[in-house]
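Please look over the sequence and the model shown here before reading the notes on strand pairing and charged side chains.

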Amino acid sequence: MSDAAASTDRNRLDDEESPYLRQHADNPVNWQPWDDDALAAARERDVPIFLSIGYSACHWCHVMEEESFEDEAIAETLNEDFVPIKVDREERPDLDSVYQTIGQMTGRGGGWPLSVFLTPDGEPFFVGTYFPNEPKRGMPGFGELLEDIHESWVEDREGVEERAEKWTDAVRGELETTPDPGDAPDEGALDDAAAAALRGADREHGGWGRGPKFPQAGRVHVLLRAHARTGRDEYLDVARETLEAMALGGLYDHVGGGFHRYCTDREWVVPHFEKMLYDNAEIPRAMLAGYQVTGRERYARVARETFAFVERELTHADGGFFSTLDAQSDGEEGTFYVWTPDEVRAAVTDETDADLFCDRFGVTTPGNFEGSNVLTAATDVSDLAEAYEMDEREVEERLEDAREQVFAARSERTRPARDEKVLAGWNGLMVSAFAEGALVLGDDALADTAADALSFVRDHLWNDDEGRLSRRYTDGTVKIDGYLEDYAFLARGAFDLYQVTGDVDHLAFALSLARAIESDFWDDDAGTLYFTPVDGEELVARPQELTDQSTPSSAGVAAEVLLALDHFVPRAGFADMVERVLETHGGSVESDPLQHASLVLAADRYAAGSRELTVAADSLPTAWREELADAYVPARLLSVRPPTAEGLESWLDALGIEEEPPIWADRDRRDGEPTVYACRSFACSPPRHDVADALAWFDGDAPE
């Protein structure tokens with residue numbers, strides 16, 4: 001027996017750094033990580049692979065572990081007849097993409113835990129998600145399923161392999177193949193996407209769909225941008241209804257800030273309680289845009305409180321952001337977050353304050369979740385003021401006092417486990433959110449937090465000599481080559497931080513990442529950006545990520561940031577690359593624009609142009625920052641240009657370019673004062689000393 005085959009005689013997950021994999025290190029199943037030894041063992045033993053994909057905060061992953069993977073009889077079958085492999089989908093989104101696609105294409109659905117049976121060559125022939133230990137609700141028991149698949153492998157090997165080949169060809173065609181190019185979507189794509197969002201909206205409860213409600217931040221951005229373009233009030237109404245539902249319902253943690261993954265019901269009451277870093281980046285960005293458009297302080301407050309939550313509970317001591325908080329504590333989902341009236345009254349010393357808190361957040365004796373209460377903003381402050389004969393300010397102050405006491409009491413509970421992976425791409429999303437928060441909320445400390453996180457990722461995951469990015473840092477260990485989402489999300493984060501701070505080092509890093517995107521992910525023959533690097537591990541298919549899912553489309557984010565960066569290095573051909581991507585996938589975008597929200601936003605920036613604001617000054621003046629904080633400027637490109645020739649020369653050196661980019665050329669400081677230039681689609685305003693006039697120029701309202 002070779003060393004590879006012998007390795008399957010034990011559970012090898014205690015050698016892994018992923019918290020999710022380590023959770024399974026004590027199972028009697030001889031779990032293997034996805035590596036060369038495990039794959040070689042399957043080939044040598046000539047047995048199927050059982051691939052289980054999940055993540056540390058996944059509730060049903062925990063359930064299947066307790067029911068099946070800790071069962072000695074099931075473990076014996078898995079160990080004897082299969083090579084069982086565990087994968088953390090947050091570490092390996094490429095594997096997850098390939099095998100989730102099989103589930104969706106075969107009508108078996110997707111989700112986690114994902115359970116896939118593969119040939120020794122990695123070709124899938126059976127797929128599902130959660131399987132119970134015993135048969136129920138039409139699902140086979142997992143032990144029974146294992147026996148059936150083993151029997152098929154032994155008795156009908158030819159049929160199994162034919163199915164595997166057919167499925168592999170199908171997934172390769174779905175994920176890897178590109179259509180013949182057509183025309184890039186024009187400015188109408190934005191309105192088409194917004195109209196689709198309007199048609200599918202739940203106008204009674206907010207959001208989309210009539211079942212579980214997921215945050216759809218990209219759709220909110222599409223609606224807000226389309227409203228700004230067309231003035232159609234219904235677009236704003238749907239965006240506002242969705243933001244309100246997320247801010248007021250159970251998706252939001254009203255005690256400690258931050259958002260849960262999704263709500264299990266149409267009314268946004270009961271969440272799936274895990275908290276993911278990416279949701280707590282993307283939802284606040286949508287809230288901030290909604291605040292700029294509507295002026296509703298609630299959106300700003302929710303964003304501010306979410307940033308405080310991330311800083312408090314998801315931030316590494318040296319600056320990076322951790323990945324998730326689990327849904328469970330003490331083995332039960334949601335127990336950290338839910339309340340009974342008695343628990344509130346035990347936490348809040350003043351009886352009236354406790355009553356106010358219960359009325360405000362819908363805490364009742366029957367409850368809305370297994371005898372307890374998920375907090376929702378059930379009663380308006382104005383109604384409470386009338387009922388309790390107080391003014392609204394007093395109600396708000398007393399509610400805040402009560403919240404602080406409830407928060408303190410909750411801190412004594414068993415906390416959900418934290419997954420302390422620092423992922424490059426997810427950190428990029430959070431850097432963007434903090435940077436935008438710094439501008440919109442007027443809080444420079446948020447930009448400092450973003451800069452610390454960006455520095456952490458650069459120090460630990462970026463190889464400057466090779467121009468390569470790793471995906472994951474955990475407790476001093478770095479692993480896995482970065483995917484397109486890591487480069488694209490981090491490039492956007494670095495660029496957004498440059499826009500807010502004017503620090504050219506952030507711009508230089510964004511350009512380095514953009515150059516790596518071109519060299520490692522761009523395929524000129526196919527006219528597309530692939531999700532995996534050109535020299536990465538060869539899977540049964542090389543995926544693309546074109547649609548928005550739990551995170552934005554990496555191809556869409558890459559396209560938008562490449563378009564922005566093209567203004568600084570136009571000869572690099574970034575815009576040409578984006579044009580090719582949009583021509584290749586224009587048909588998909590036009591046929592289903594709502595599923596391609598990030599690509600729609602990129603197509604709109606390409607067709608309509610960025611709204612450039614070039615500031616010639618030592619730094620962005622405080623009064624101008626305040627003006628920009630209140631201004632919704634879709635496809636904004638804010639650039640600070642050094643006001644002197646000496647400063648400009650040093651910046652060009654930092655960027656690795658020799659000539660002044662068009663966005664800075666001839667845009668000098670005038671009259672010794674900070675000067676701003678507004679430009680769009682190769683037309684520019686006269687130089688201005690008032691940023692409000694420059695903003696008005698975009699809408700044709702600027703004074704002469």
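Predicted model: local features only at pLDDT ≥ 70, side-chain atom pairs only at ≥ 80, totals over all residues.

Residues are numbered from 1 along each chain as its sequence is written, and side-chain values use heavy atoms, with hydrogens and water left out.

**Sheet**

Three strands form an open sheet in the order β8-β9-β12, and their pairing is antiparallel. Its edge strands, β8 (275-276) and β12 (418-419), each pair on one side only. Strands here are DSSP runs of E with at least two residues, helices are runs of H or I with at least four, and both are numbered from the N terminus. Two strands count as paired if DSSP finds at least two bridges between them. Between β8 and β9 (residues 324-325) there are two bridges, in the antiparallel sense. Lysine 275 has leucine 325 in β9 as its bridge partner.

**Salt bridges**

The structure holds 56 salt bridges, each defined as a side-chain nitrogen of Lys or Arg within 4 Å of a carboxyl oxygen of Asp or Glu. Three of these pairs are described below.

| aspartate 88 | lysine 421 | 3.0 Å |

Aspartate 88 and lysine 421 meet through their side chains in a salt bridge. This pair links distant parts of the chain, 333 residues apart: aspartate 88 is in strand β3 (residues 83-88), and lysine 421 is in the loop between β12 and β13 (422-423). Aspartate 88 is buried at 2% relative accessible area, and lysine 421 is buried at 0%. Here, buried means under 20% relative accessible area, exposed over 50%, and partly exposed in between (1.4 Å probe, protein chains only).

The bridge between aspartate 353 and arginine 398 joins helix α15 (residues 351-360) to helix α17 (residues 392-410), with the two residues 45 apart. Aspartate 353 is buried, with a relative accessible area of 7%. Glutamate 394 and arginine 398 are separated by about one helical turn, because they are four residues apart in helix α17. Glutamate 394 is partly exposed, at 30% relative accessibility.

A network of salt bridges links Glu187, Arg225, Arg229, Glu560, Asp604 and Arg605.
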